[in-house]
Amino acid sequence: MKCLIDRLRQNHELEPEGIRALLTMRDSQDLEYLISQAREVSQRQFGRGIYLRGLIELSNVCRNDCLYCGIRRSNGHVPRYTLTRDQVMACCEQGYQLGFRTFVMQGGEWGEERSQWIADIISDIRQTWPDCAITLSLGEHPRETYELWHRAGADRYLLRHETHNERLYSLLHPASMTIVHRLQCLDWLKETGYQVGAGIMVGAPFQTLSSIVEDIQYLISFKPHMIGIGPFIPQHDTPFGRFPAGSVDMTARLYAILRLALPQALIPSTTAMATLSPDGRLRGILAGANVVMPNLSPKDSRAFYALYDNKAALGAESAQGIKALTDELATIGYHIDWSRGDHPSRTV
Ligand code: 5AD
């Protein structure tokens, strides 16, 4: 096993059987070796600094109907909201005062008739805080829309591919969605000039070991700048409401494997990790993650952005929230890195 791990660290790739072996190994010393190698690579690249991204949940209105997601169109139990332009700007202002230099606008997928409204908000943020990075996480759109938003000032785009396996993709999504189109969007985003994030949910219903191997191979070949991976967590109003949650351990293992494969990638220890386990966020960081995404959304809309049950909302909207995070990171010898935190291949 050590040999496989060394080879992955050295060559940044591994044959499918090797990846499968890393996903199934059970010896605790082997596992500790994988995790500690990933941690070492992460520290060599980024030190013990953790980048912050301020998450602004723009809207829970969504035209899509992904079977796992709490804000899917057919969920009639969730009151729908959309922040106003002024609310978004207020979130950014508050975040900027706290020291945030990346804002992530995430929301359900809308039709193109509202793309210009989003572009106008991006322009406002870009003009008001020229030193900040703007990340979008707004789903699938035509290439022209991605270009419009990029011209308006967006720098990065998160679009998890969810699974590279065609059959599994069709079990998780409505028939109107295809993995082919999702991958097309990811290619467009890269070609447009965004720093791009892809990724999956760990333990999604019907997921298999082979599909995870396929996902890792896809990520190694696509080389995203960012990798968003979190455990699946059921949401009670969705068709998958009774499926079990994914595992924090397996998610951390994926962070470690991907850190060795893509040493420069920006990998958040995701909210879903913190939701499933009190030390989930720290375990992600100790396995090679180097980003945390605290929530800057207005408090009264947060409950409605319920992608899954009991979603943790790290209270970073206040100075106390940042203090709590600082203290949490300090327990493992880490600290907040207040810089923009672009991918090392990009200097702005
Ligand atoms: N559990 C965990 N993650 C989820 N997401 C959506 N629904 C769930 C869920 N039930 C993730 C998807 C999406 C991201 C914004 O949130 O991977 O890409």
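A residue counts as buried when its relative accessible area is under 20%. By that cut-off, F46 and Y51 are both buried. The model they belong to is a predicted one.

## Aromatic pairs

The structure holds eleven aromatic pairs. A pair of aromatic rings is described by two things: the distance of the centres and the angle of the planes.

F46 and Y51 form one of these pairs. Their ring centres are 5.9 Å apart and their planes stand at 85°, so this pair is edge-to-face. The cut-off for that label is over 60 degrees. Now take Y218 and F222. Their ring centres are 5.5 Å apart, but the planes meet at 10°, so this pair is stacked. Stacked planes are under 30 degrees apart.

## Around the ligand

The residues surrounding the ligand include Y68, C69, Q106, R160, E162 and M201. Also among them are P231, F232, I233, L307 and Y308. By class, this shell has eight nonpolar residues, one polar residue and two charged residues.

## Polar contacts and cover

Y68 uses its backbone: an N or O atom there lies 3.0 Å from a ligand nitrogen. L307 also has a polar backbone atom facing a ligand nitrogen atom, at 3.4 Å. E162 brings in its side chain, with a polar atom 2.5 Å from a ligand oxygen.

How much of the ligand does the protein bury? Taken alone, the ligand exposes 400 Å², and the protein buries 87% of that.

How values were computed. Residues numbered from 1 in each chain as written. Predicted model: local features only at pLDDT ≥ 70, side-chain atom pairs only at ≥ 80, totals over all residues. Heavy atoms only, no water. Near = heavy atom within 4 Å. Polar contact = N/O pair within 3.5 Å; in protein donor to acceptor, adjacent residues only side chain to side chain. Areas by Shrake-Rupley, 256 points an atom, 1.4 Å probe, with all protein chains shown as cover. Nonpolar A, V, L, I, M, F, W, Y, C, P; charged D, E, K, R; others polar. Phe/Tyr/Trp six-rings, centres within 6.5 Å; stacked < 30°, edge-to-face > 60°. Buried < 20%, exposed > 50% of the residue type's maximum accessible area, 1.4 Å probe, protein only.
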